[in-house]
Amino acid sequence: MARPPWDDYFMEIVEAVSKRATCDRGRSGCVIARGNQLLVAGYVGAPSGLPHCDDVGHLIKKVTHEDGHTTEHCMRTVHAEQNAICQAAKQGISIYGATLYCKMTPCRTCAMLLINCGIERVVCERKYHAGEESEQMFKEVGIELKILNPEETENY
């Protein structure tokens with residue numbers, strides 16, 4: 001059996017972590033690694049102590065975009081990337097210079113957080129349907145973005 005390349009290895013871990021997610025609209029997970037060492041993981045779920053979508057349902061908000069189209073988003077959950085950042089903070093683990101592995105292109109808010117945390121590289125399975133702003137921000141600041149499958153995700 002051949003050993004998988006590092007990106008494949010960490011993406012397999014992302015798949016396992018995502019199984020802990022508690023919102024069926026986007027069972028997503030992520031891991032952050034540096035020097036081929038796993039630092040932290042995070043998955044989509046409600047803030048600690050608050051009810052999860054799987055238990056009480058979604059908290060859906062409609063967002064109207066500049067071009068007039070609307071999308072629906074579940075506001076009950078914290079994104080996988082945000083939860084991974086929080087885990088690093090709680091454990092006192094620096095993620096500066098690390099690589100984040102995730103299921104889809106991080107949203108705009110997560111991208112801004114990752115930039116400010118000093119993440120150097122992002123590897124994701126697919127493109128997020130609204131990830132163009134994140135992709136542009138990563139490009140502007142020099143964060144390498146690797147998308148393994150160029151297909152877009154469904155409208156989460």
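This is a predicted model: local features need pLDDT of at least 70, side-chain atom pairs count only at pLDDT 80 or more; totals for chains, interfaces and linings use all residues.
Two packed helices are described by the angle between their axes and the distance between the axes. In the present model, helix H3, which spans residues 80-91, packs with helix H4, residues 108-117, at an angle of about 30 degrees, and the two axes lie 9 Å apart. Since angles under 35 degrees count as roughly parallel, H3 and H4 are therefore roughly parallel to each other. The crossing of H3 and H4 is left-handed. On the H3 side the contact is made by Glu81, Gln82 and Ile85, which meet Thr109, Cys110, Leu113, Leu114 and Cys117 of H4. Sorted by class, the residues in this contact of H3 with H4 comprise 5 nonpolar, 2 polar and 1 charged.

With a disulfide taken as a pair of cysteine sulfur atoms within 2.5 Å, the count for the model comes to 0 disulfides. Cys30 accordingly takes part in no disulfide, the nearest cysteine sulfur being that of Cys102, at 6.5 Å. The relative accessible area of Cys107 is 15%; because buried means under 20% relative accessible area, Cys107 is classed as buried.

Methods
Residues are numbered from 1 along each chain as its sequence is written. Side-chain values use heavy atoms; hydrogens and water are left out. Axes are lines fitted to C-alpha atoms, for helices over the stretch in contact, and angles run from 0 to 180 degrees between N-to-C directions. Helices (H or I, at least four residues) and strands (E, at least two) are DSSP runs, numbered from the N terminus. Angles under 35 degrees count as roughly parallel, over 145 as roughly antiparallel, 65 to 115 as roughly perpendicular and the rest as oblique. A crossing is left-handed if the near helix is turned anticlockwise from the far one by less than a right angle, and right-handed if clockwise. Contact means heavy atoms within 4.5 Å. Ala, Val, Leu, Ile, Met, Phe, Trp, Tyr, Cys and Pro count as nonpolar, Asp, Glu, Lys and Arg as charged, and the others, Gly among them, as polar. Buried means under 20% relative accessible area, exposed over 50%, partly exposed in between (1.4 Å probe, protein chains only).
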